[in-house]
Amino acid sequence: MTPILPEGGMALTIARGVTVAATLSAFGAAMFGVSVAPRALAKSGVDLAVAHWARLWRLARFSAGCIILATLCWLVLQTNYLADTSQVSATVEAVPGVAADTSFGNLVLLSLCTATALLAVLSRRPSLAGWRAALGLSALATVLQACHGHALAMYPGLSLLLVSDSVHLLAAGAWLGGLLPLWLMVRYAPPRTAAAAARWFSPLGKTCVCVIIVTALFQAWRLIGGVPGLIGTPYGGLALIKLSILIVLLGFAAANRYRLAPALLGDEPAAARRSLLRSLALQTGFGLLILLAAAVLSSLPPAIHEQPWWPFAHRPSLEALDDPDLRAEVAHAVLMLAAGAGIATIGLIWRRIRWAALALSVVLIAVSVPHLDPLFVEAYPTSYYHSPTGFAAASIVQGAALFASNCAGCHGAQGAGAPPAAAGSSIPPADLTAPHLWDHSDGELFWWLSHGMEAPEGGLAMPGFAATLSQDERWNLIDYIRANNAGVAMRAAGLWPHPVPAPGFSASCADGRRLDFADLRGRVIRLILPGTTNKLPPPGGTPDPTLLDVAVTTAPAPAGCATKDSDLPRALAILTGDTDASQAGSQFLIDPDGWLRARHTEGAAGGWESTEALLAEVRSICDHPIGPQGGNHAHQP
Amino acid sequence: MRAVRNTSLVTTLLFVPVTAAMAHAHLKSATPPAGAVVQTAPSEVVIDFTEALEPKFSSIEVSDSAGTPVDKHDAHTAPGDANRLIVDLQQLPPGTYTVKWHATATDTHKTSGTYKFTVRP
């Protein structure tokens, strides 16, 4: 695997990590001052309480000062990275510009203002109201740290991801930031007070851990996406490291709460105090480690923007469940597994039959596991790669040219045959027009195209093209192979046996909007290619608000939306298996999920020249959605 | 089908690394698209990114096959859409053009890339 290198260098990442650590420490101290210290110190003498409040105050004030210093360092190092200069003077000159004109700089200025206000509140020994003000200001500083993350860049404005990030950081601050105040309490207070502090800290810590886990799961779902992203990208790998450190932290927390803190009230309080102090210090150290990991994570592109590298020879797949026999086999195995687990549970509860039950469950599990085999299929490192092309019309058309010069020799001009060039090969070249093509992911096709197909007797039946074609060209080929597969099926049977994605394009509208293909999702699009009788969309728009007309023309469209994508007609011709590359006079309907659903050619019966016929077709498409993932439906254009 | 998969296994190549593992997929779409052959010369290059950009630290440079810049050095984000970077072009004669983009997202990530498009005579 590629080593994890934080973008912008380690100094920048450490400056960021220290800023976050200082912010969480300030918030944790304020939270301790509001929720734990008043209760823990309720029964102690006045002198003792005054001394402890003073310690907590100094810690909070020190943290606030650190926020300002670390933030300034971060600003300078970040400017150095953004301005891409090695000169100190150039960096210093660029600082005001970065602070004033970038989102990062604006956030830093807000953080500095907040930290200064916090320092002002903490300039005198705070009352309880003062601690509450410090809590509010440090919470704001913590939320501002969350704004530096991926959430705001991916979803500008207030998003669920940003809320989750903020709550995650606040919970981390209340928990990890509370460890130093707790350490001070254990170090200087009598055992009884220290034990009370640990007890009052416990519910806060437990709540925080629950919140951290729930928000982390949500963030993992949005930024990592799934198991391939988790194990196949640097971002996912680091998230796993962070998870391991969290487990260590939880171990310390459990030991502190249930073993070390209660021992303060036992026979040897001095020894118990030493153990608890050591444990809290270690826990704080691991807490800093997790913050460093978080800072590196923030500097890496999220896993969902990366191509995940799959390290195993198999991957889970529900594909086999389409086969009734295999479905029955798997269902039996799952039932047996469930029975095995159930019997094991009963055995654990009911002592008398324990060993018999455990033995029976082991047998059941051992018998059933091999029958789960159909749930796993062969996998390749690129199995979970996703095509970056968006099935763009330009990509399909470029793929067509690449196919003719690189693939047609063996696979035939249409991708189906075994031309003379393939006669010498031990196994016939794959029929790229077979419906089976759609069972393979883009990532699998990419692997075969890059590294070749192995022959049963050894060697390669098909060569790999990694050395001769660029990655983009290989993705173009995959788009063309799919489009051609759909077109051949359409020509032969008059329908698409598999849902066919519409080719990607972008359009601009008379009102100045520019729409890319993703913007067009959520409604039915009618693509209109001008012909002799086929007119461009009427200026008043379509009669149905769910329908958007897009003209495919290089001439200026008088009204409505138009695309000048000159590859789109040719791509549509390939997808429909039509020899007329201009597709003049054709109209196409694309459903709200982006599937190409219907086509009307000029002069054909049941034409869409009649508004009723067109709207009936639109309603039929909306009433029978395929869904974003596709399915096994046949589609008649 | 499993039998077909077994015959087509490439297990020996399973742990050969490919360079794509570190690719950043920050460019979402571009007009003209990468590799496109267009009939009419575009008046601008528009690139949509997966994240909002810092216009001050993002740029698009377009040059002809001789390496001469043909853009108007005015790369800017679209009004109301910080994910979209636009640069205006001079009148382009037919030929192949190289688009070089540098993007800095608002979370300070930098990415860059290059692609070509062709204006057909």
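**Ground rules**

I noted that local features in this predicted model need pLDDT of at least 70 and that side-chain atom pairs count only at pLDDT 80 or more, while totals for chains, interfaces and linings use all residues. I also noted that residues are numbered from 1 along each chain as its sequence is written, that chains are lettered from A and ligands numbered from 1 in the order in which they are written, and that side-chain values use heavy atoms, with hydrogens and water left out.

**Entry 1: α8 and α12 of chain A**

I looked up helix α8 (residues 179-188) and helix α12 (residues 269-299) of chain A, whose axes come within 10 Å and cross at roughly 165 degrees. Helices here are DSSP runs of H or I with at least four residues, and strands are runs of E with at least two, numbered from the N terminus. The axes are lines fitted to C-alpha atoms, for helices over the stretch in contact, and the angles run from 0 to 180 degrees between N-to-C directions. The crossing angle makes α8(A) roughly antiparallel to α12(A) (angles under 35 degrees count as roughly parallel, over 145 as roughly antiparallel, 65 to 115 as roughly perpendicular and the rest as oblique). Among the residues that meet, I listed Leu179(A), Trp183(A) and Val186(A) in α8(A), and Leu276(A), Leu280(A) and Thr284(A) in α12(A), where contact means heavy atoms within 4.5 Å.

**Entry 2: α9 and α11 of chain A**

Helix α9 (residues 191-223) and helix α11 (residues 234-263) of chain A pack at an angle of about 165 degrees, with their axes 11 Å apart, and they are therefore roughly antiparallel to each other. I found Ala195(A), Ser202(A) and Ile213(A) among the residues of α9(A) in this contact, and Tyr235(A), Leu250(A) and Arg257(A) among those of α11(A).

**Entry 3: aromatic rings**

I found 14 aromatic pairs over all chains; rings of Phe, Tyr and Trp (its six-membered ring) pair if their centres lie within 6.5 Å, and planes under 30 degrees apart count as stacked, over 60 as edge-to-face and the rest as tilted. The rings of Trp53(A) and Trp131(A) have centres 6.0 Å apart and planes at 40 degrees, so this pair is tilted. Trp53(A) belongs to helix α2 (residues 46-83) and Trp131(A) to helix α5 (residues 128-147), 78 residues apart. Trp131(A) is buried at 2% relative accessibility (buried means under 20% relative accessible area, exposed over 50%, partly exposed in between, with a 1.4 Å probe and protein chains only).

For Tyr380(A) and Trp448(A) I noted ring centres 5.4 Å apart and planes at 70 degrees, so the pair is edge-to-face. Tyr380(A) lies in the loop between β2 (376-378) and α15 (393-406) of chain A, and Trp448(A) lies in helix α17 (residues 442-451), so the pair ties together parts 68 residues apart in sequence. Tyr380(A) is buried, with a relative accessible area of 1%, and Trp448(A) is buried too, at 7%.

**Entry 4: around α17 of chain A**

I then looked at α17(A), where 9 of its 10 residues are buried, including Gly443(A), Phe446(A) and His451(A). Just after this helix, Gly452(A) takes a positive phi of about 90 degrees.

**Entry 5: Leu27 of chain B**

Leu27(B) lies in strand β1 (residues 27-31) of chain B and counts as partly exposed at 27% relative accessibility. Leaving aside residues up to four places away in sequence, Leu27(B) touches Ile47(B), Asp48(B), Phe49(B) and Trp101(B).
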